[in-house]
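Visitor: I would like to learn how to read features from a model like this one. Could you walk me through it, step by step?

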Amino acid sequence: METPEVEKCRTGSSGQPDEIDSILEKYRGRKDALIPALYDIQKVMNYLPESAAVKVAEALEVPVSKVYGVATFYTLFSVKPRGKHIIRVCESAPCHVLGAMNVVKELERELGIKVGETTKDGRFTLELTSCLGTCGVAPAIMIDDVVYGNLTADKIPHILSEYR
Ligand code: FES
């Protein structure tokens, strides 16, 4: 059976940590660019370590407390180390009604982790999220930058095999 897939975007970079300097240069002095700067850094590091938050604060000339406030407020960001691939399962009502929790259970079973955890090999982190904006193909998940829709639990092993 073919796996329905909705590819939204691929903005990903599996870049190196030394890319952080060029990201900071790009946004230097731009107080209004906190979210894009954090987003770009997280794309490189998979999460926002304390050291990066301090560097962002210095470069954008904003208080460190503001950087932490934004980094901890939005579910898009994580201040905890995460796996190479981030799996986000939409838990909003349309996806929930159409079986998102069955998808979550299968992901937990396949990966051997619970929501909020990272696999021991550091390959996957499993998270819940609010609406991904693809309700027309609910239930939906996002792995890194790719959205998969019209999901049922039996499609999960095939999807994960693309990332293993
Ligand atoms: S409710 Fe799940 S994608 Fe919108």
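Visitor: Let me start with a single residue. Which residues does Thr129 touch, leaving out those up to four places away in sequence?

Guide: In this predicted model, Thr129 touches Thr75, Arg88, Val89, Cys90, Glu91 and Ser92 once residues up to four places away are set aside. Thr129 belongs to strand 2, which covers residues 124-129.

Visitor: Is Thr129 buried or exposed?

Guide: The idea is to compare the relative accessible area with a cut-off: buried means under 20%. Thr129 has 11%, so Thr129 counts as buried.

Visitor: How much of the chain is buried?

Guide: Of the 164 residues in the chain, 46% are buried. As for the surface, the chain exposes about 8,700 Å², and 54% of that area comes from carbon and sulfur atoms.

Visitor: Let me step back to the fold. How many helices and strands does the chain have?

Guide: There are seven helices and four strands. Following the sequence, the order is α-α-α-α-β-α-α-β-β-β-α.

Visitor: And what share of the contacts with a separation of 6 or more joins residues 24 or more positions apart?

Guide: That share is 65%.

Visitor: Now the aromatic rings, please. What describes a pair of them?

Guide: Two values do the work: the distance of the centres and the angle of the planes. This structure holds three aromatic pairs. In one of them, Tyr74 and Phe77 sit 6.4 Å apart, centre to centre, with 90° between the planes. An angle over 60 degrees counts as edge-to-face, and that is the label for Tyr74 and Phe77.

Visitor: How accessible are Tyr74 and Phe77?

Guide: Tyr74 is partly exposed, at 36% relative accessibility, whereas Phe77 is buried, with a relative accessible area of 6%.

Visitor: Which pair involves Tyr148?

Guide: Tyr148 pairs with Tyr163, again edge-to-face, at 6.5 Å centre to centre and 80° between the planes. Tyr148 lies in strand 4 (residues 146-148), while Tyr163 is in the segment after helix 7 (156-161), so this pair ties together parts that are 15 residues apart in sequence. Tyr148 counts as buried at 1% relative accessibility, and Tyr163 counts as buried at 11%.

Visitor: Which residues do ring pairs link into a cluster?

Guide: The cluster consists of Phe73, Tyr74 and Phe77.

Visitor: What lines the second largest pocket?

Guide: Thr75, Ser78, Lys80, Pro81, Arg82, Gly116, Thr118, Thr125, Glu127 and Leu128 do, around a space of about 190 Å³. The residues of this lining divide into two nonpolar, five polar and three charged.

How values were computed. Residues numbered from 1 in each chain as written. Predicted model: local features only at pLDDT ≥ 70, side-chain atom pairs only at ≥ 80, totals over all residues. Heavy atoms only, no water. Helix = DSSP H or I, 4+ residues; strand = E, 2+ residues; numbered from the N terminus. Buried < 20%, exposed > 50% of the residue type's maximum accessible area, 1.4 Å probe, protein only. Contact = heavy atoms within 4.5 Å. Areas by Shrake-Rupley, 256 points an atom, 1.4 Å probe, with all protein chains shown as cover. Phe/Tyr/Trp six-rings, centres within 6.5 Å; stacked < 30°, edge-to-face > 60°. 1 Å grid on protein atoms, 1.4 Å probe; cavity = no way out; pocket = protein on both sides within 12 Å on 5 of 7 lines; lining within 4 Å. Points joined across faces, edges and corners; volume = space filled by probe spheres on them. Nonpolar A, V, L, I, M, F, W, Y, C, P; charged D, E, K, R; others polar.
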